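This report describes the aromatic side chains of one protein model and their surroundings. Please keep the sequence and the structure in view while reading.

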Amino acid sequence: MTKFRIFISFEKEEAWLREMAQKGWRFTGRGTFLEDYQFEKAEPRDLNIRVDYRYIPADSDFSEYLQLLADSGWNHIYGGNTGAKYFASASGDAEEELFSDNASKAGRYRRQSKNAAICFLIFFPLMLYTFRDLIMTLLRNPGELFRNPSLLWNDVHIIAGLAFLANLVIVGLWLYSAIGSYLEGKKLKAKG
């Protein structure tokens with residue numbers, strides 16, 4: 001089963017994954033879409049799933065990272081060298097934390113915010129450049145589009161318009177993620 005969700009708060013994401021496990025849906029990973037989660041039917045259980053977010057460039061470092069967490073009682077569920085990594089507590093303790101302090105928790109928000117901001121800063125200008133003709137047509141005479149909607153269908157191809165909107169949504173999600181993660185991290189850091 002696939003579920004689509006958007007989370008800025010790691011704590012809310014973890015609580016939702018726990019709730020899904022309690023309902024008998026075992027988290028197996030993320031799909032190829034932006035915010036889709038993959039599940040398999042399983043026995044309902046109170047499973048403690050925690051998320052870390054970091055970039056680990058070397059495979060050997062990633063293996064060491066996984067071993068360190070395994071030695072600390074965490075089973076790796078999903079995630080590669082980059083981005084989010086999902087872990088389940090091997091002890092079955094539903095309240096166990098992956099991070100022991102707020103500074104470490106704030107660090108994962110900082111890493112996620114930085115990654116989302118980089119994606120936004122790279123892809124937003126590329127999107128503007130790619131769709132510059134469409135944007136300029138709309139900016140030159142926006143009122144004409146409302147008086148004569150056939151311009152959209154004749155001069156500006158509908159496929160380009162839909163592609164622009166799809167790209168705008170993706171870039172918007174990166175911006176939302178960057179700002180939201182930054183603010184969540186800032187709240188945790190203020191807690192000390």
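Two rings of Phe, Tyr or Trp, the last taken by its six-membered ring, count as a pair if their centres lie within 6.5 Å. The model examined here is predicted. By the pairing rule, it holds 14 aromatic pairs. Phe7, Trp16, Phe27, Tyr37, Phe39, Tyr78 and Tyr86 form one aromatic cluster.

**Two aromatic pairs**

One of the pairs is formed by Phe10 and Tyr109, with 4.8 Å from centre to centre and 50° between the planes, a tilted arrangement. Which parts of the chain does this pair link? Phe10 belongs to helix H1 (residues 10-22) and Tyr109 to helix H3 (residues 102-130), so that distant parts of the chain, 99 residues apart, are linked. Phe10 is buried, since its relative accessible area is 2%, and Tyr109 is buried at 0% relative accessibility.

Phe120 and Phe124 make up another pair, with ring centres 5.2 Å apart. Are their planes stacked or edge-to-face? The planes meet at 15°, and the pair is therefore stacked, because planes under 30 degrees apart count as stacked. Both residues lie in helix H3, four residues apart, which is about one turn of the helix. Phe120 counts as buried because its relative accessibility is 17%, and the cut-off for buried is under 20%. Phe124, by contrast, is partly exposed, with a relative accessible area of 28%.

**Charges over rings**

In two places the charged end of an arginine sits over a tyrosine ring, as the table shows.

| Charged residue | Ring | Distance from the ring centre |
|---|---|---|
| Arg30 | Tyr37 | 4.4 Å |
| Arg132 | Tyr129 | 4.1 Å |

**The surface and helix H3**

Which residues form a nonpolar patch on the surface? The patch consists of Ile118, Ile122, Phe123 and Leu126, which together have about 350 Å² of accessible area. Phe123 is placed in helix H3 and counts as partly exposed, at 38% relative accessibility.

Asn115 also lies in helix H3. In sequence, Asn115 and Val171 are 56 residues apart, while in space 13 Å separate them, C-alpha to C-alpha.

How values were computed
Residues are numbered from 1 along each chain as its sequence is written. This is a predicted model: local features need pLDDT of at least 70, side-chain atom pairs count only at pLDDT 80 or more; totals for chains, interfaces and linings use all residues. Side-chain values use heavy atoms; hydrogens and water are left out. Rings of Phe, Tyr and Trp (its six-membered ring) pair if their centres lie within 6.5 Å; planes under 30 degrees apart count as stacked, over 60 as edge-to-face and the rest as tilted. Helices (H or I, at least four residues) and strands (E, at least two) are DSSP runs, numbered from the N terminus. Buried means under 20% relative accessible area, exposed over 50%, partly exposed in between (1.4 Å probe, protein chains only). A charge sits over a ring if NZ of Lys or CZ of Arg is within 6 Å of the ring centre and within 35 degrees of the ring normal. Patches are made of residues with over 30% relative accessible area and no salt bridge: like charges are joined within 9 Å, nonpolar side chains (Val, Leu, Ile, Met, Phe, Trp, Tyr) within 5 Å. Accessible areas come from the Shrake-Rupley method with a 1.4 Å probe; for residues, only the protein chains shown count as cover. A salt bridge is a side-chain nitrogen of Lys or Arg within 4 Å of a carboxyl oxygen of Asp or Glu.
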